[in-house]
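Biologist: Could you bring the model up, so that we can go through a few places in the chain together?

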Amino acid sequence: MQLSTMLVVPMLEQTVQIVSNERDTDSYFRLVLRAPQIAPLIQPGQFSHVRVPTLKDALLRRPFSIFQVAGDTFSILYKTIGKGTDALARLGPREELSVIAPLGHGFTVPKRGGETPLLVAGGYGMAAMYLLAQRSPQKGIVFVGGRRRVDILCEREFAALGWDVRVATEDGSHGEKGLVTQPLLAELRTPNSKFRTPKLFACGPTGMLKAVGKIAEDFNVPAELSMDEHMCCGVGVCLTCVIPAKVGNSWEYQRTCTEGPVFDSRDIVWETTP
Ligand SMILES: Cc1cc2nc3c(=O)[nH]c(=O)nc-3n(C[C@H](O)[C@H](O)[C@H](O)COP(=O)(O)OP(=O)(O)OC[C@H]3O[C@@H](n4cnc5c(N)ncnc54)[C@H](O)[C@@H]3O)c2cc1C
Ligand code: FES
């Protein structure tokens with residue numbers, strides 16, 4: 001079954017105030033927004049579409065996973081990689097911006113006594129995982145990967161939630177040296193692991209998601225993947241964000257902004273996904 005058929009979510013377009021916008025590590029920032037009407041609606045794995053008011057092409061919004069929710073606020077954890085995120089990083093407390101949120105279909109929150117969640121995140125993919133870890137009554141393992149130590153985000157915050165955190169960096173500057181899929185594979189191959197009947201949840205670069213999808217297939221475990229494609233409208237109109245996904249015995253293009261961003265890995269047609 002498509003995940004999208006299981007969830008129906010409301011969303012709001014609102015002008016909200018910045019509570020804080022502070023550097024986390026290196027080029028990562030945390031933006032906290034006061035949004036009393038949006039915050040209670042948010043489900044893990046959903047995203048916000050943010051208009052950066054000081055940009056010349058301010059009409060184009062930028063999509064960001066919803067990282068944390070606290071009281072009447074929600075936050076995003078973002079990496080500065082271009083003109084939109086650079087401009088966002090220059091905004092300060094009490095400035096206002098327009099957001100549409102919460103958007104998309106998120107992760108299925110694990111049930112107590114059910115499958116053990118194994119979360120896999122690369123870089124800013126951690127942002128999509130925090131709320132899932134916080135709201136899951138069943139604790140598991142978070143596998144965190146990045147190029148360098150500075151790309152490993154929120155390690156202590158996940159540990160504080162009671163999750164087992166396993167880190168891998170490509171340059172070996174923190175945790176195991178290599179890709180995040182290595183410790184995941186090691187765990188799945190461990191006989192008599194205390195983490196039985198696993199289910200994978202992943203967010204990160206497409207290459208990592210594809211590798212996690214393959215691992216899920218090889219080990220015959222279910223997996224939900226957040227497909228963060230380039231987006232324009234964010235609300236299902238422009239078709240910028242489509243990926244091929246299985247429907248019955250065939251496939252069709254599905255919008256990652258509305259049918260996703262989270263898909264069952266078995267539904268993704270990787271051969272034609274860019
Ligand atoms: C559903 C979703 C959730 C996201 N969540 C987060 C998040 O939590 N934190 C975060 O830092 N970023 C997140 N992103 C990515 C974020 O939207 C982009 O980094 C941002 O839009 C870049 O804007 P910019 O103007 O700074 O960069 P631009 O100047 O527009 O682009 C700079 C470079 O980044 C590339 N780029 C832009 N968007 C993407 C993308 N979606 N995927 C891969 N490459 C891209 C461009 O091709 C270009 O090479 C998410 C994207 C999606 C679709
Ligand atoms: S971004 Fe416009 S349809 Fe998905």
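Biologist: Where does proline 102 lie?
Modeller: Proline 102 lies in strand 7, residues 96-103, where strands are DSSP runs of E with at least two residues and helices are runs of H or I with at least four, numbered from the N terminus. This is a predicted model, in which local features need pLDDT of at least 70 and side-chain atom pairs count only at pLDDT 80 or more, while totals for chains, interfaces and linings use all residues. Residues are numbered from 1 along each chain as its sequence is written, chains are lettered from A and ligands numbered from 1 in the order in which they are written, and side-chain values use heavy atoms, with hydrogens and water left out.

Biologist: And the peptide bond from alanine 101 to proline 102, is that cis or trans?
Modeller: That bond is cis, with omega near -10°. The bond from glycine 260 to proline 261 is also cis, with omega near 10°, and proline 261 is placed in the loop between strand 15 (250-255) and strand 16 (262-264).

Biologist: What about the phi of arginine 94?
Modeller: Arginine 94 has a positive phi of about 75° although it is not a glycine, and this residue is found in the loop between helix 1 and strand 7. Most residues other than glycine have a negative phi, and most peptide bonds are trans.

Biologist: Changing topic, which residues are closest to ligand 1?
Modeller: The closest are Arg62, Pro63, Lys79, Gly84 and Thr85, out of 19 residues that surround the ligand, each with a heavy atom within 4 Å of it.

Biologist: Which polar contacts does ligand 1 make through its oxygen atoms?
Modeller: Counting pairs of N or O atoms within 3.5 Å, a polar side-chain atom of arginine 62 lies 2.9 Å from a ligand oxygen. From the backbone, a polar atom of glycine 84 is 2.7 Å from an oxygen of ligand 1, and an N or O atom of glycine 82 lies 3.2 Å from one.

Biologist: Which elements give two or more residues to that shell?
Modeller: Those are strand 4 (61-65), strand 6 (73-79) and helix 1 (83-89), and strand 4 gives the most, with 4 residues.

Biologist: How does the shell divide by class?
Modeller: The shell has 9 nonpolar, 5 polar and 5 charged residues, where Ala, Val, Leu, Ile, Met, Phe, Trp, Tyr, Cys and Pro count as nonpolar, Asp, Glu, Lys and Arg as charged, and the others, Gly among them, as polar.

Note on methods:
A polar contact is a pair of N or O atoms within 3.5 Å; within protein, one must be able to donate a hydrogen and the other to accept it, and residues adjacent in sequence count only if both atoms are side-chain atoms.
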